[in-house]
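Please walk me through this model in the viewer, one selection at a time, and tell me what is to be found at each stop.

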Amino acid sequence: MFNNRSGADNAAFKALYDETFTMLFRVARRITNSDEAAEDVVHDSYIKVVERWGIFPTRDDAKYWLIRVVKNNALNWIKRKGREQKVYQRYFKEVDAVSESPEEETLKGEVTRDMRRYLDKLPEKFRMVLVLKEYGMLNYKEIGRVLGIAEGNVKVRVFRAREALAEMMREEGSDVSRP
Amino acid sequence: MCPDHELVSAWIDGEVPSPWRETIERHIETCATCSGFVATMRRTHVLLSSDVDGIDASADAARVRVEERLGFAVSHGISTTGRFWTRRFPVPFPVAAAAALALAVLGFALADSGRRNADLRMAVQRAYEATPVATSGMGIESIIEYISRQNSAVNINITLPAEAFGSVTGDPFIVREADYQAGSRQ
């Protein structure tokens, strides 16, 4: 993969790639709601980490930097997509083409779809901690490292994000307490 | 007394250390309010993560494609070794602004210095190319009279005879000097 690099660097990057790809794809996919966008976001982020490979003291530093880059790139994609959609809708009256097919939506269930929709409504600082927790499978300490905030702050944000989700579900009549 | 719900939320995530973990666990088993809260929080977790399997299925195919694209990109010129002349170095904005200002000032100083050196060179050149107007033995009064007759500024080049600078004659000797200071007996 790294034609100009040493064997040790190749092995280190491959190990990082194997360890992080699925998690990064989940995070990017959850933020963008698009497989293609998630693939591009993750690919571009790996390119960035390759270009800066020499500056990371440890593999963990590279890993958390990479997660942060994926998160930021995915959010940028969403913002860009939002601007493009506004233009399309203004001129062509088109609807969002990113969502999944009706068949897939039916299979996944209405409540789950609602929950994802509510998650998208959360302020970014609450949404990101939940995405990294539920899709990145990161603990509070790791989330704090990625977002550059204290562990205690992560705990508060996770709680408030979940509380806000539950409240939205109650307001719209979806009972989140039922099993 | 019920524990703070933030703490219970952290407990759900396995982020509360022992012995608080066991204490909260015992309380939730006996408290209907807290067990209801835990059920609600866990439900949000279950619903959010219910589509992870579907995403992972897409991730497996994407993983192979991204690996191919990375290999292709790297072999076609993306620098992985960080060649010095293509590497980027992060520089804080104030430092960059100060460096740009220093470069600008240095550039102006160099340009001004070059202009003054050019003026000096031109003056020396003009002195060499001056037409002789007097011969040896011309006195200072003659020179002043010559200048007063000119209508504009003129360059005067006076070449003194070599013997005018004198020469060293006689034997060297030591001169003793006494320093007098008022009020001193030395």
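Predicted model: local features only at pLDDT ≥ 70, side-chain atom pairs only at ≥ 80, totals over all residues.

**Stop 1: helix α8 of chain A.** Select residues 151–171 of chain A, which form helix α8, and take the distance between the end C-alpha atoms: they are 30 Å apart, in agreement with the 30 Å that 21 residues should span at 1.5 Å a residue. Colouring by accessibility picks out the buried residues of this helix, among them A:V154, A:F159, A:R162, A:L165 and A:M169. What covers them includes α5 (110–121), α6 (124–134) and α7 (140–147) of chain A, together with α1 (5–12) and α3 (32–48) of chain B. After the helix comes A:G173, whose phi is positive, near 90 degrees.

**Stop 2: the interface.** Now show both chains and select the residues in contact, 51 from chain A and 40 from chain B. The two chains bury about 4,300 Å² between them, and 61% of this lies on carbon and sulfur atoms. The interface holds 14 residue pairs in polar contact, counted with both residues at pLDDT 80 or more. On the side of chain A that touches chain B, α1 (7–32), α2 (35–51), α5, α6 and α8 of chain A each supply at least two residues, and α8 of chain A gives the most, with twelve residues. By class, this side of chain A has 25 nonpolar, seven polar and 19 charged residues.

**Stop 3: salt bridges across the interface.** Eight salt bridges are found between chain A and chain B. Select A:R26 and B:D56, whose side chains meet in a salt bridge at 2.7 Å, N to O; the pair runs from helix α1 of chain A to helix α4 (residues 52–75) of chain B. A:R26 counts as buried because its relative accessibility is 13%, and B:D56 is likewise buried, with a relative accessible area of 17%. Next select B:R63 and A:D18, a salt bridge in which the closest N and O atoms are 2.8 Å apart.

**Stop 4: salt bridges within a chain.** In chain A, select A:E142 and A:K63, which form a salt bridge with the closest N and O atoms 4.0 Å apart; this pair links helix α7 to helix α3 (residues 59–92) across 79 residues. Both A:E142 and A:K63 are buried.

Key:
Residues numbered from 1 in each chain as written. Chains lettered and ligands numbered in written order. Heavy atoms only, no water. Helix = DSSP H or I, 4+ residues; strand = E, 2+ residues; numbered from the N terminus. Expected span 1.5 Å × (residues − 1). Buried < 20%, exposed > 50% of the residue type's maximum accessible area, 1.4 Å probe, protein only. Contact = heavy atoms within 4.5 Å. Buried area = accessible area lost by both parts, 1.4 Å probe. Polar contact = N/O pair within 3.5 Å; in protein donor to acceptor, adjacent residues only side chain to side chain. Nonpolar A, V, L, I, M, F, W, Y, C, P; charged D, E, K, R; others polar.
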